[in-house]
Amino acid sequence: MSITLDHVSKAFGEEHVLKDVSLTFKDHGRYSLTGRSGLGKTTLLRLIGGLDTPDTGTVTVTPGTRFSWQFQENRLLPRVRAADQLAFTAGGRERALELMEAAGLHEARDKYPAQMSGGMKRRLSLLRALAFDSDILLLDEPLRELDGETTERMISMIDHMLGERMLIMVTHRPEEALALGCTVIEPDE
């Protein structure tokens, strides 16, 4: 499983977000895209996952690769209770409840997203991505809105549940990348 970006550029109107980027992500690797806002980290993640196409250059992904996403927005279903949202990717409600307990979300199991705090929604969104059977995990600011103790708990869960999958995450906090053993990549300015 590998991903190669070869001389990739992307603009939105007159704004050039990525210019001539070439990178290779290798099987089972852990990578973090870091740096200041506006460098194109999320755009790079969207190109890797096939949600956007480059203006120039190529993105090559091993055929048949399955991606699991956690977007910047939590993208929770507003009329579905927390445990049921997670059950979709976790393989059933029992496993969903186990994961929620491990993430400190057991009290939120029967809540709708509108009844949950920002940190609870973020953890549920992350658990959905982690529980999905994929080859590559793409996380965009996975630990945003979490306090220090909860961040440590979720880093431990990511590390444990990642297994042999490749991880590519976006973060503004290098300490998160280092805690997960990621190779840090800063898109060129």
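User: Before we start, what does contact mean here?

Analyst: Two residues count as touching when they have heavy atoms within 4.5 Å. In this predicted model, Leu86 makes a handy example, and neighbours up to four places away in sequence are left out. With that in mind, Leu86 touches Ala96, Leu99, Met100, Leu124, Leu127, Arg128 and Ala131.

User: Which residues touch the most other members of the largest nonpolar core?

Analyst: Okay, that core has 35 residues. Elements giving it two or more residues include helix H2 (82-90), helix H3 (93-102) and strand S7 (166-170). The residues that touch the most other members are Leu86, Leu127 and Leu167.

User: What covers the buried residues of H2?

Analyst: First, the residues in question: Ala82, Ala83, Gln85, Leu86, Ala87 and Ala90 are the buried ones in H2. Leu86 has Leu99 and Leu124 among its contacts. The cover over the buried residues of H2 includes H3 and H4.

User: Which residue follows H2, and what is its phi?

Analyst: Step past the end of H2 and you meet a glycine. Its phi is positive. The residue is Gly91, with phi near 90 degrees.

User: How many residues of helix H1 are buried?

Analyst: Helix H1 runs over residues 41-48 and is mostly covered. Its buried residues are Lys41, Thr43, Leu44, Leu45, Leu47 and Ile48. Just after H1, Gly50 takes a positive phi of about 80 degrees. The buried count for H1 is 6 of its 8 residues.

User: Is Ser68 buried or exposed?

Analyst: Ser68 sits in strand S5 (residues 67-70). Beyond its neighbours up to four places away in sequence, Ser68 touches Ala129, Leu130, Phe132, Ser134, Ile136, Leu137 and Leu138. Its relative accessibility is 3%, and the cut-off is under 20%, so Ser68 counts as buried.

User: How far apart in space are Gly118 and Asn74?

Analyst: Gly118 belongs to helix H4 (residues 118-131), and at 26% relative accessibility it counts as partly exposed. Leaving aside neighbours within four places in sequence, Gly118 is in contact with Asn74 and Glu145. Along the sequence, Gly118 and Asn74 are 44 residues apart. In space, C-alpha to C-alpha, they are 9.1 Å apart.

User: Why is the protein chain as compact as a globular protein of that length?

Analyst: Zooming out, the chain has 6 helices and 8 strands, in the order β-β-β-α-β-β-α-α-α-β-α-β-α-β. For 189 residues the globule rule gives 16 Å. The chain comes close to that, so it is as compact as a globular protein of that length, with a radius of gyration of 17 Å.

User: What percentage of the protein chain's residues count as buried?

Analyst: The chain exposes about 9400 Å², with carbon and sulfur atoms supplying 48% of it. For the buried count, look at its 189 residues. The share that counts as buried is 50%.

Technical notes:
Residues are numbered from 1 along each chain as its sequence is written. This is a predicted model: local features need pLDDT of at least 70, side-chain atom pairs count only at pLDDT 80 or more; totals for chains, interfaces and linings use all residues. Side-chain values use heavy atoms; hydrogens and water are left out. Helices (H or I, at least four residues) and strands (E, at least two) are DSSP runs, numbered from the N terminus. Buried means under 20% relative accessible area, exposed over 50%, partly exposed in between (1.4 Å probe, protein chains only). A nonpolar core is a set of buried Ala, Val, Leu, Ile, Met, Phe, Trp, Tyr and Cys residues joined through side-chain atoms within 4.5 Å. The radius of gyration is taken over C-alpha atoms; the globule rule is 2.2 Å times the number of residues to the power 0.38. Accessible areas come from the Shrake-Rupley method with a 1.4 Å probe; for residues, only the protein chains shown count as cover.
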